[in-house]
Amino acid sequence: MPRFAIGDVVDKDKTHSGTVIAIYTTKEGEQRYAVDMEGYGALQFIMECNLVPHGTPQ
C-alpha cells in the first residue's frame with residue numbers, strides 16, 4: 001500500500017519539495033512516485049524510501 005497519495009506535498013531526500021502526481025508499482029513490487037518537483041518544470045520518478053512528508057524536521 002502506498003505511503004503517499006496523489007496530491008501530497010513531499011520532500012526528496014529532505015532537500016527538494018514537490019507534489020505527487022502518480023503512483024505505480026514496479027515488477028518487483030516496489031512503490032514509485034512521479035513527483036512534479038518545484039522549480040524544475042519536470043517530473044522525477046522517485047523510490048518511496050527517498051521521500052518524506054513536506055515539512056518533516058531534518
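Is Phe-45 buried or exposed? In this predicted model, Phe-45 counts as exposed, because its relative accessibility is 55% and the class begins over 50%.

## Fold and overall dimensions

The protein is built from five strands and has zero helices, so that, read from the N terminus, its elements follow the order β-β-β-β-β. Along the principal axes, the C-alpha atoms occupy a box of roughly 30 × 25 × 15 Å.

The radius of gyration is 11 Å, which agrees with the value near 10 Å that a compact globule of 58 residues would have. Of the contacts between residues at least 6 apart in sequence, 34% join residues that are at least 24 apart.

Of the 58 residues in the protein, 28% are buried. The accessible surface comes to about 3,800 Å², and carbon and sulfur atoms account for 53% of that area.

A pair of aromatic rings is described by the distance between the centres and the angle between the planes. The count of aromatic pairs in the protein comes to two. One of them is formed by Phe-4 and Tyr-33, whose rings are 5.6 Å apart from centre to centre, with 75 degrees between the planes, an edge-to-face arrangement. Because Phe-4 lies in the segment before β1 (9-12) while Tyr-33 belongs to strand β3 (residues 31-37), this pair ties together parts of the chain that are 29 residues apart in sequence.

Both partners fall under the 20% cut-off for burial: Phe-4 is buried with a relative accessible area of 7%, and Tyr-33 is buried with a relative accessible area of 0%.

## The pair of Tyr-24 and Phe-45

Tyr-24 and Phe-45 also form a pair, with ring centres 6.3 Å apart and planes at 65 degrees, so this pair is edge-to-face. Here too the pair links distant parts of the chain, since Tyr-24 sits in strand β2 (residues 16-25) and Phe-45 in strand β4 (residues 43-47), 21 residues apart.

As for the setting of these two rings, Tyr-24 has a relative accessibility of 36% and therefore counts as partly exposed, whereas Phe-45, at 55%, counts as exposed.

Methods: Residues are numbered from 1 along each chain as its sequence is written. This is a predicted model: local features need pLDDT of at least 70, side-chain atom pairs count only at pLDDT 80 or more; totals for chains, interfaces and linings use all residues. Side-chain values use heavy atoms; hydrogens and water are left out. Helices (H or I, at least four residues) and strands (E, at least two) are DSSP runs, numbered from the N terminus. The radius of gyration is taken over C-alpha atoms; the globule rule is 2.2 Å times the number of residues to the power 0.38. Buried means under 20% relative accessible area, exposed over 50%, partly exposed in between (1.4 Å probe, protein chains only). Contact means heavy atoms within 4.5 Å. Accessible areas come from the Shrake-Rupley method with a 1.4 Å probe; for residues, only the protein chains shown count as cover. Rings of Phe, Tyr and Trp (its six-membered ring) pair if their centres lie within 6.5 Å; planes under 30 degrees apart count as stacked, over 60 as edge-to-face and the rest as tilted.
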